[in-house]
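Please look through the model below before reading on.

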Amino acid sequence: MEAVKKSKKKKANQFPYGIALLVLIVIIGIILSKQSPQLAVRWAFGIAFGFVLQKARFCFTASFRDPVLTGSTSLTRAVIVALMIATIGFAAIQYSAYLNGDTIPGNISPVGIHTAIGAAMFGIGMVIAGGCASGTLMRVGEGYMMQWLSLIFFIIGSLWGAKDFEWWTETFISKSPQVFLPDVFGWGIAFFGQLVLLGLIFIFVEWYEYKRFNTKNLSV
Amino acid sequence: MAEYRLDCLGEACPVPLLKTQKEMEKLKVGDVLIVEIDHSCAMKNVPEWARNMGYNVEIEEVDDGQWEVYIEKTK
Amino acid sequence: MKLQEHPFFKKIIKDAWSYWTGAILLAVLNVALFAFSGHPWGITTPFSYWGAWVFKALGGQPENWVYFQNPSHAKALEQNIFTNAGSIQNIGIILGALLATLLASQFKIKKIKSYKQVIAAVLGGLLMGYGARIAFGCNIGAYFSGIASMSLHGWVWAAFALIGAWIGSKLLVKYFM
């Protein structure tokens, strides 16, 4: 294979620009911390999320799309691992709130027809646009003009959804319950049950990939 | 041993991988496909797929944010 | 540039990390964010604020919408991109990704290749924006943080996003490739 390779072109070194950006990021952080420490911390979280997403090329879209389209499940399995770790951490925070008699924190939202329709719309959109919310932001940073465009329309779509939220609230959301699984099954069964279920999905997905790669029919 | 080029510059995921899969089917054993990509995720998932298939793979960074993936069809 | 040839530099800054490394770090960050701010990670809600701020500047009145009667949304409407924590965090994601790309010397402006990409970006963006609003979240807020919060809506969301991804894949292969 060595023979077919072209000689390397001369590459620009962007590392110094990276250092300059890092300095800028720190300066903005300091300015924000004078305004409010909370904002500076959220800034730091954003930078960390973006950095990790890009370094690992982490793509939540691919966790749904690749099993369907290419048969690869490596990102699906990675997301399941992330879900398992986050479930443990989240449960600790939620359980301590429960013990204190506080309202249970977390992203617990009404579940109903709006969830199904919205999620399906999102699923279609993320595949054709080549990235979900996190993926779009990350690719905006990487310089993909297609994602700059999709971010603009993402924002327009969000505004549109916010405008129509009244109709969705009246028609579906107001009649839909918020279901926190430990309320239904108890803490033990909900927590360990979720971890076991995620584990089973992990094994299933691994088996699925094995099947896809060991049969000839690979293309769609 | 023939050598083919596949231009996937400017294509977003999963298009480079889908095109590569299609192209590799046409190749004979021993042929090499050079996939040109500038999508940072494809530079991970194209080689990963090819290795999963048991092909020989090498990645070369030819320019800033631009790669060539060499895939040799071994079977 | 000695530093850039150092094996450790190459491993951490230049080469891509494994998906598992990403998974572990993102999960830990999400738990830390939840512990710190009281809310798990989400991305799309600030997008509705960005849209509303622009709409307001153009003379619209989003404050009359039911959506902005919600106290936290109403509060955000009075803020701007420099004072709204979620917006700052999202801009952080963009710059964090840019930082990682520049340090690895892999930044390149990628132009739009065809009109198909334009249609895909416009349609995909609109579908994601609208869908995330009515379903209470995106891949992050509903899928990652929703399931980790042990909320049923996260699981239902994931099931239907998979169906959507399947439909999207068919459309992609047929019309956008």
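What percentage of the 220 residues of chain A count as buried? In this predicted model, the share of the 220 residues of chain A that count as buried is 59%. Taken along the principal axes, the box filled by the C-alpha atoms of chain A is roughly 65 × 60 × 35 Å. Among the contacts in chain A with a separation of 6 or more, 57% come from residues 24 or more positions apart.

Helix α2 of chain C covers residues 19-37, and at 1.5 Å a residue its 19 residues should span 27 Å; the end C-alpha atoms are 26 Å apart, which agrees. Its buried residues include Tyr19(C), Ala23(C), Leu26(C), Asn30(C), Leu33(C) and Phe34(C). An α-helix has 3.6 residues a turn, so residues three or four places apart point the same way. The cover over the buried residues of α2(C) includes α2 (37-56), α3 and α4 (74-99) of chain A, α2 (42-52) of chain B, and α5 (85-103) and α7 of chain C. After α2(C) comes Gly38(C), with a positive phi near 85°.

Helix α8 of chain C, residues 152-175, has 24 residues that should span 34 Å at 1.5 Å a residue, and this agrees with the 34 Å between its end C-alpha atoms. Buried residues of α8(C) include Trp155(C), Trp157(C), Ala161(C), Gly164(C), Ala165(C), Gly168(C) and Leu172(C). The partners against which the buried residues of α8(C) pack are α3 (60-69), α5 (113-129), α9 (181-185) and α10 (187-213) of chain A, α1 (15-26) of chain B, and α7 (139-148) of chain C.

Aromatic side chains come next. The count over all chains is 37 aromatic pairs, and one of them is formed by Phe165(A) and Phe136(C), which are edge-to-face at 5.8 Å centre to centre with 75° between the planes. This pair crosses between chains, since Phe165(A) belongs to helix α8 (residues 165-171) of chain A, while Phe136(C) lies in the loop between α6 (115-134) and α7 of chain C. Phe165(A) has a relative accessibility of 12% and so counts as buried, whereas Phe136(C), with a relative accessible area of 24%, is partly exposed.

The charged end of Lys110(C) sits over the ring of Tyr144(A), at 4.3 Å from the ring centre.

How many disulfides are there over all chains? The count comes to 0. Cys13(B) is in no disulfide, and its nearest cysteine sulfur, that of Cys41(B), is 5.0 Å away, whereas a disulfide needs the sulfur atoms to be within 2.5 Å. Cys41(B) is likewise in no disulfide, with the sulfur of Cys13(B) as its nearest at 5.0 Å. Cys13(B), at 5% relative accessibility, counts as buried, and Cys41(B) counts as buried at 5% as well.

Notes: Residues are numbered from 1 along each chain as its sequence is written. Chains are lettered from A and ligands numbered from 1 in the order in which they are written. This is a predicted model: local features need pLDDT of at least 70, side-chain atom pairs count only at pLDDT 80 or more; totals for chains, interfaces and linings use all residues. Side-chain values use heavy atoms; hydrogens and water are left out. Buried means under 20% relative accessible area, exposed over 50%, partly exposed in between (1.4 Å probe, protein chains only). Helices (H or I, at least four residues) and strands (E, at least two) are DSSP runs, numbered from the N terminus. The expected span of a helix is 1.5 Å times one less than its number of residues. Contact means heavy atoms within 4.5 Å. Rings of Phe, Tyr and Trp (its six-membered ring) pair if their centres lie within 6.5 Å; planes under 30 degrees apart count as stacked, over 60 as edge-to-face and the rest as tilted. A charge sits over a ring if NZ of Lys or CZ of Arg is within 6 Å of the ring centre and within 35 degrees of the ring normal.
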